[in-house]
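Subject: Structure for you to look through

Hello,

Here is the structure I said I would pass on. Please open it first and keep it in view while you read the notes below.

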Amino acid sequence: EFELNGVEIDGVDQELDIIRGGIGMQGGESVRYYGALEYVSADIQLSGDGGSIDATEKGAGLFVGLGDKGQTAFLWNVEVGYLELSDSDGAGFEFNIGYRFNPTWAVVLGGQGYNLEDELDIEYTFSQGTLGVRASF
């Protein structure tokens, strides 16, 4: 799903690839809470009848979240954050639920949403669902 200034736009193919890596802290007794300061690289691609946009932005993100402690077969986490990129900034949200086969491998179902605003005050909203395999070391 793609929205431009709050209006859902049909006929626009969008791709948002975000790579995040950082350091943080975590704690908690029965529920894990965490925060992380991260380096973010976002590759944004939009294409439709009117042309295409392809941009790569780099910057920083600050994310906080809650999740399970890894003591059962079922996993979950939710997080919210703020991204400050070279030409855009905005909020991000992510959730994941899954099943651990063992301490290393799990199957995970999740979703992500990002609401970014560029320097011309144009808002871009990206959302997607994911299904994948997670390896924890």
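Ala135 counts as partly exposed, because its relative accessibility is 33%. The model is a predicted one, so please read every value here as computed from that prediction. Ala135 sits in strand E9. Leaving out residues up to four places away in sequence, Ala135 touches Thr104 and Trp105. Ala106 is 29 residues from Ala135 in sequence, yet the two are 6.7 Å apart in space, C-alpha to C-alpha.

The chain as a whole

The protein chain has nine strands and zero helices. Along the sequence this reads as β-β-β-β-β-β-β-β-β. Of the 137 residues in the chain, 31% are buried. If you take the contacts between residues at least 6 apart in sequence, 47% of them join residues at least 24 apart. The accessible surface of the chain is about 8,500 Å², and carbon and sulfur atoms account for 57% of that surface.

Strand E6 and its partners

How many bridges join E5 to E6? There are nine, and the two strands run antiparallel. One of the pairings puts Gly59 with Leu85 in E6. E5 and E6 form a hairpin with six residues between them. In that turn, Gly70 has a positive phi of about 80°.

On to E7: E6 and E7 are also antiparallel, and they pair over 11 bridges. Tyr82 stands opposite Ala91 in E7. The hairpin from E6 to E7 goes through two residues.

E6 has two faces to tell apart. The covered face holds Leu75, Asn77, Glu79, Gly81, Leu83 and Leu85. The uncovered face holds Phe74, Trp76, Val78, Val80, Tyr82 and Glu84.

The core

The largest nonpolar core has 12 residues: Leu16, Val40, Ala42, Ile44, Leu46, Phe63, Leu83, Leu85, Tyr114, Leu116, Tyr124 and Phe126. Strands E4 (32–48), E6, E8 (105–118) and E9 (123–135) each supply at least two residues of this core. The largest share, four residues, comes from E4. Leu83 and Leu85 are on the covered face of E6, and both belong to this core.

Ser88 is in strand E7. Is Ser88 buried or exposed? Ser88 is buried, because its relative accessible area is 6% and the cut-off for buried is under 20%. Apart from neighbours within four places in sequence, Ser88 is in contact with Glu57, Leu83, Leu116, Glu117 and Asp118.

The salt bridge

A search of the whole structure finds one salt bridge. The side chains that meet in it are those of Arg100 and Asp68, at 2.7 Å from N to O. The pair links distant parts of the chain, 32 residues apart: Arg100 is in strand E7 (residues 88–100), and Asp68 is in the loop between strand E5 (51–67) and strand E6 (74–85). Are these two residues buried or exposed? Both Arg100 and Asp68 are buried.

The aromatic pairs

A pair of aromatic rings is described by the distance of the centres and the angle of the planes. The search of the whole structure finds three aromatic pairs. One of them is Phe74 with Tyr99, an edge-to-face pair with 5.5 Å centre to centre and 70° between the planes. This pair also links distant parts of the chain, with Phe74 in strand E6 and Tyr99 in strand E7, 25 residues apart. Phe74 is exposed, because its relative accessible area is 57%. Tyr99 is partly exposed, because its relative accessible area is 36%.

The rings of Tyr99 and Phe101 have their centres 5.5 Å apart and their planes at 80°, so this pair is edge-to-face too. Phe101 counts as exposed, because its relative accessibility is 57%. Through these ring pairs, Phe74, Tyr99 and Phe101 are linked into a cluster.

Regards

Note on methods:
Residues numbered from 1 in each chain as written. Heavy atoms only, no water. Salt bridge = Lys/Arg side-chain N within 4 Å of Asp/Glu carboxyl O. Buried < 20%, exposed > 50% of the residue type's maximum accessible area, 1.4 Å probe, protein only. Pairing = 2+ DSSP bridges. Contact = heavy atoms within 4.5 Å. Core = buried A, V, L, I, M, F, W, Y, C linked by side-chain atoms within 4.5 Å. Areas by Shrake-Rupley, 256 points an atom, 1.4 Å probe, with all protein chains shown as cover. Phe/Tyr/Trp six-rings, centres within 6.5 Å; stacked < 30°, edge-to-face > 60°.
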